[in-house]
Amino acid sequence: MTKNDSKIVIVGGGFGGLFTALELAGAGDVTLINDEDHFLFKPMLYEYLSGEVEAWHIAPDCRDLLEGKAKFVKGLVNAVDLDARIVQLQGGRTLSYDILVLAPGAVNNFAGVPGAEQFSLPFRSLDDANHLRRRMTEVLDRIPPDAAPQDAREALTFVVVGGGASGVELSTKMADLLRDAVKRRALHGEPRVVIVEMADRLVPGMGEEIRKHVDVALQETRVEVHTLTRVVNVGANTITLEHNQRQTEMTTSGVVWVAGVRPNPLLETLRVEHDRRGLIPVEPTLQLRERPEVFALGDISFYPDVAPILAGTAQLAFQQSHLCAQNVRAFIEGRELKSKHFVELGEAVSLGTEHAAVLTGGKAIGGPLARQARFALYTARLPTWHHRLRVGASWFFEGTTPRPLQPLGF
Ligand SMILES: Cc1cc2nc3c(=O)[nH]c(=O)nc-3n(C[C@H](O)[C@H](O)[C@H](O)COP(=O)(O)OP(=O)(O)OC[C@H]3O[C@@H](n4cnc5c(N)ncnc54)[C@H](O)[C@@H]3O)c2cc1C
């Protein structure tokens, strides 16, 4: 196998896969396969929901990013034959490889809660954010201008399940958006956004410094926090919660499920070692045990030397992509492969439409300044210089004001 004739196939165009493809472009015959045309910068999906950013900012087209330096195939990989070294796509197309990089990410975990998968809204893609925005707008549109405050509040009850960073970012964003819409439409009353968490506190992995800002934001946005609470059932317009062994049913216009993930179902088709959570354990070089020509990274892999706080994050997948690309090159060229200790790059959470909190160097800042800092930080993490420049210029010159929930057809 020589440098230029190695067939490198990368499955998944997210933080792990896309950034590996960008670094490997030119190292061989590189093909990136993704089931969407675009990459998605998921940490800013909340800003997309609120209209602070546009789709092109956070979901650039993979072909544009690769600029012809690597091939792109849009398709869903549904099987990999590791012995024959063949990747199979939905529809029957196959691609053979010399080196395979697996990075298809995670999917929602509804934890077997009855009705959760059927009735709750996921929040992982542009489509998911569009559906949620539309649902909030439709609910607002149905409220008569003279509705009593308690009726408006009941209609505007949304429940976010999962009290991790995602739940906090989403619930504060939704509360601000809905409150703004109520005001603009001169409705009476206010929205009710509820966050439900099984543990005794929200954002358990978050440091105390940044947590103070989270607590203030939850209070200011008037998000209702239910800890030590379990979701028992989700219905078309209801959610049943259990707290202290007592069950209560709440009427709701939408349940958004951000209560955990599980590895991509593609992994179940792979006859390789899985850990008890279904993740693929990888060597410190990101290679699969007994399959040195296969690399795995991001949300599907279990890397031995990672602080628990980094597991399942974009920060980790992003850092791994650099190691992966380096090691794929070394593998092709017969050089020694490397390992790396990954570090926490800091924390940045969006808190409503006006505020954020950012932790760098052990110090946390909050408020509108932190919101600006978060935008600046994330501009630097977007893929390719060209895209970063365009987005940075757009945010700087055109601003990042939220787009109100206007009546549909407006
Ligand atoms: C709303 C949200 C907010 C987040 N915020 C943060 C944050 O602030 N900070 C942080 O560090 N992490 C955050 N995360 C987690 C972070 O996004 C993930 O850990 C990270 O994206 C993992 O990278 P990955 O490459 O493993 O998977 P992904 O980035 O999810 O990429 C996987 C890609 O593979 C594609 N794919 C899936 N299956 C197939 C298939 N069978 N065939 C072809 N393509 C396939 C998917 O469409 C996707 O494009 C957030 C996640 C979400 C959902």
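**Notes on the predicted model**

1. Helix H10 is a reasonable place to start. Its 20 residues reach 29 Å from first C-alpha to last, close to the 28 Å expected at 1.5 Å a residue. The model is predicted, and the comments below should be read with that in mind. Just after H10, Gly334 takes a positive phi of about 70°.

2. H10, which covers residues 314-333, also belongs to the ligand site: H10 and helix H1 (15-24) each supply at least two residues of the shell around the ligand. Which helix gives the most to that shell? H10 does, with three residues.

3. The ligand has 27 residues around it, and those that come nearest are Gly16, Asn34, Asp35, Lys42 and Asp299. By residue class, the shell divides into 11 nonpolar, 12 polar and four charged.

4. A polar backbone atom of Gly16 is 2.7 Å from a ligand oxygen. For Phe15, a backbone N or O atom lies 3.2 Å from an oxygen atom of the ligand. Gln315 likewise places a backbone N or O atom 3.2 Å from a ligand oxygen. As for cover, the ligand taken alone exposes 1,000 Å², and the protein buries 88% of that.

5. At the S3 end, strand S2 (residues 29-34) pairs with S3 in the parallel sense over four bridges. Within this pair, Leu32 has Phe72 in S3 as its bridge partner. Asn34, at the end of the S2 range, is among the residues that come nearest to the ligand.

6. A second open sheet has three strands, ordered S13-S14-S15, and its pairing is antiparallel. Why is one side of S13 and of S15 left without a neighbour in the sheet? Strands S13 (229-234) and S15 (246-251) stand at the edges and each has a single partner strand, so one side of each lacks a neighbour there. From one strand to the next, the twist averages 30°.

7. S13 and strand S14 (residues 238-243) run antiparallel and are joined by five bridges, with Arg230 opposite Glu242 in S14. Six bridges, again in the antiparallel sense, pair S14 with S15. Leu241 has Thr248 in S15 as its bridge partner.

8. S14 and S15 form a hairpin with two residues between them. In the turn, Asn244 has a positive phi of about 50°.

9. Another hairpin is formed by S23 and S24, with two residues between the strands. Gly361 in its turn has a positive phi of about 55°. Strand S23 (residues 355-360) runs antiparallel to strand S24 (residues 363-366), and four bridges join them. Thr360 stands opposite Lys363 in S24.

Notes:
Residues are numbered from 1 along each chain as its sequence is written. This is a predicted model: local features need pLDDT of at least 70, side-chain atom pairs count only at pLDDT 80 or more; totals for chains, interfaces and linings use all residues. Side-chain values use heavy atoms; hydrogens and water are left out. A residue is near a molecule or strand if one of its heavy atoms lies within 4 Å of it. A polar contact is a pair of N or O atoms within 3.5 Å; within protein, one must be able to donate a hydrogen and the other to accept it, and residues adjacent in sequence count only if both atoms are side-chain atoms. Accessible areas come from the Shrake-Rupley method with a 1.4 Å probe; for residues, only the protein chains shown count as cover. Ala, Val, Leu, Ile, Met, Phe, Trp, Tyr, Cys and Pro count as nonpolar, Asp, Glu, Lys and Arg as charged, and the others, Gly among them, as polar. The expected span of a helix is 1.5 Å times one less than its number of residues. Two strands pair if DSSP finds at least two bridges between them. Axes are lines fitted to C-alpha atoms, for helices over the stretch in contact, and angles run from 0 to 180 degrees between N-to-C directions.
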